Amino acid sequence: MGRLAHRTRSSADLYLVRIMDDAPSEAARAREEIDAIRRRVINVVGHAFRTPVTTLCGMAETLAHTDDAATRAALAEGVIRNARLVERLLDQLLLAADVSTVLPVGDATDVDVEAATRAAWDCLDTCNPMVVDAPGITARVRPAALEHILLLVLDNADKYGDGDVVVKATTSHPWSAIEIESTGAIPSDEEMAEAFELFYRGEHAVMRTAGIGVGLPVARKLAEIEGGNVTLFRRGDAVVARIELPA
Amino acid sequence: MSEDAKANTSGPPPIRVLIVDDEPDVRMLLRVQLEHSGFDIVGEAADGRAALDQCREHAPDAIILDLLMPGMSGFEAIAPLREMKRDVAIVAYTAVAGDFVRKEMARLDVPLLLKSGDSTPLVNKIREVVAARAGAATP
């Protein structure tokens with residue numbers, strides 16, 4: 001399945017057409033692979049949207065029939081929270097379908113990593129703590145690209161970690177490295193290997209929270225466009241996402 | 001419990017419910033919806049282990065149980081919850097349920113409902129299961 005996971009539907013279908021001329025049995029296998037990917041995508045997306053959408057409907061309906069002011073306020077806040085969650089999921093889905101929708105314009109410039117990290121963390125609207133240690137470190141990228149990459153990788157660390165998220169950046173020319181470390185349940189070897197597959201969600205991720213499995217693959221794609229990379233590894237009891245970008 | 005429900009003291013005592021879901025907004029919504037329907041929400045828990053603690057403390061009549069949660073899942077919590085309170089009515093309440101989940105809940109004799117904005121099916125199911133459990137417990 002991994003062989004086709006990164007292909008878009010159209011390229012996968014072209015691939016299918018090409019090999020159908022050569023080997024009918026291979027074509028059948030490829031069709032099964034494509035069907036499996038489609039089912040996985042639909043399943044992951046459906047699962048991710050169901051809880052916030054049903055919560056949103058329930059809250060809106062209940063709000064209309066509730067007189068108590070405190071309850072109404074709590075429900076209204078819940079409506080906004082869940083609507084934002086749906087919006088974020090939709091953004092991720094569009095990113096996964098076509099990363100060019102968020103490709104920044106303009107030229108690379110020296111971007112302050114610590115300030116960009118804090119800004120991205122604020123966007124996540126999370127109560128969890130984050131510590132950043134990146135004094136004076138810069139990356140030479142388009143600012144919006146770094147913002148997107150950090151948002152996606154930090155969101156992952158926030159959702160799947162159990163304690164503080166610790167961000168540390170260093171420069172060793174020609175690269176700046178940003179390491180985002182989180183502790184919690186450690187993914188299996190298979191989950192680590194598949195983490196950059198679009199729409200892949202490991203057992204640990206599924207049990208933990210809703211999501212659609214596009215954060216790390218899209219972050220890596222954006223980093224590659226900026227001339228860098230994103231990798232994932234273990235360090236003791238922690239999981240580290242390492243973003244390397246031009247310094 | 002809503003003021004309407006509190007005022008209605010002539011009927012049977014309200015069904016005491018424990019809500020178990022890792023999503024705080026789902027718990028909040030269920031609390032408001034079920035209190036409007038006359039249930040007494042005795043506790044909330046964000047995972048299976050907290051559900052066991054709450055069940056021990058409050059001895060609820062019914063438990064609304066999410067299945068996919070971090071830490072101890074709903075699947076893992078069913079047996080110890082029943083061991084702790086044999087007559088407790090458990091309703092599995094989940095976002096999606098494939099074949100495995102449906103078969104597993106059927107095997108455990110736990111009714112399964114898909115999450116919905118409309119609380120009516122859940123309200124009816126809790127009443128039905130609690131009544132069935134009470135009937136089964138009557139000699």
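Me: What is the strand order of the open sheet in chain A, and how is the pairing described?

Reply: Strands of a sheet pair through backbone hydrogen bonds, either parallel or antiparallel. In this predicted model, the five strands of the open sheet in chain A follow the order β2-β4-β5-β7-β6, with mixed pairing. Strands here are DSSP runs of E with at least two residues, and helices are runs of H or I with at least four, numbered from the N terminus; two strands pair if DSSP finds at least two bridges between them. The edge strands, each pairing on one side only, are β2 (130-133) and β6 (229-235) of chain A. From one strand to the next, the twist averages 20 degrees.

Me: On what basis are residues numbered, and which confidence limits apply?

Reply: Residues are numbered from 1 along each chain as its sequence is written, while chains are lettered from A and ligands numbered from 1 in the order in which they are written. Because the model is predicted, local features need pLDDT of at least 70 and side-chain atom pairs count only at pLDDT 80 or more, whereas totals for chains, interfaces and linings use all residues.

Me: In which sense does β2(A) pair with β4(A), and in which sense does β4 of chain A pair with β5 of chain A?

Reply: β2(A) and β4(A) are paired in the parallel sense over four bridges, and Val131(A) has Val166(A) as its bridge partner in β4(A). Strand β4 (residues 165-172) and strand β5 (residues 175-183) of chain A pair in the antiparallel sense over eight bridges; Val167(A) stands opposite Ile180(A) there.

Me: How do helices α6 and α9 of chain A pack?

Reply: Two packed helices are described by the angle between their axes and the distance between the axes. Helix α6 (residues 143-160) and helix α9 (residues 215-225) of chain A pack at about 155 degrees, with their axes 9 Å apart. Axes are lines fitted to C-alpha atoms, for helices over the stretch in contact, and angles run from 0 to 180 degrees between N-to-C directions. α6(A) and α9(A) are therefore roughly antiparallel, the term for angles over 145 degrees. Among the residues that meet are Leu152(A) in α6(A) and Leu222(A) in α9(A); two residues are in contact if their C-beta atoms, placed from the backbone, lie within 7 Å.

Me: Which helices of chains A and B approach each other, and at what angle do they cross?

Reply: Helix α4 (residues 69-97) of chain A and helix α2 (residues 24-36) of chain B have axes that come within 11 Å and cross at roughly 145 degrees. Residues making this contact include Leu75(A) and Gly78(A) of α4(A), and Met28(B) and Val32(B) of α2(B). The contact between the chains takes 21 residues from chain A and 16 residues from chain B.

Me: What does α2(B) touch in the sheet of chain B?

Reply: The open sheet of chain B has five strands in the order β2-β1-β3-β4-β5, with parallel pairing. α2(B) packs on this sheet, touching β1, β2 and β3 (62-65) of chain B, and its direction makes about 170 degrees with that of β2(B).

Key: Parallel < 35°, antiparallel > 145°, perpendicular 65-115°, else oblique.
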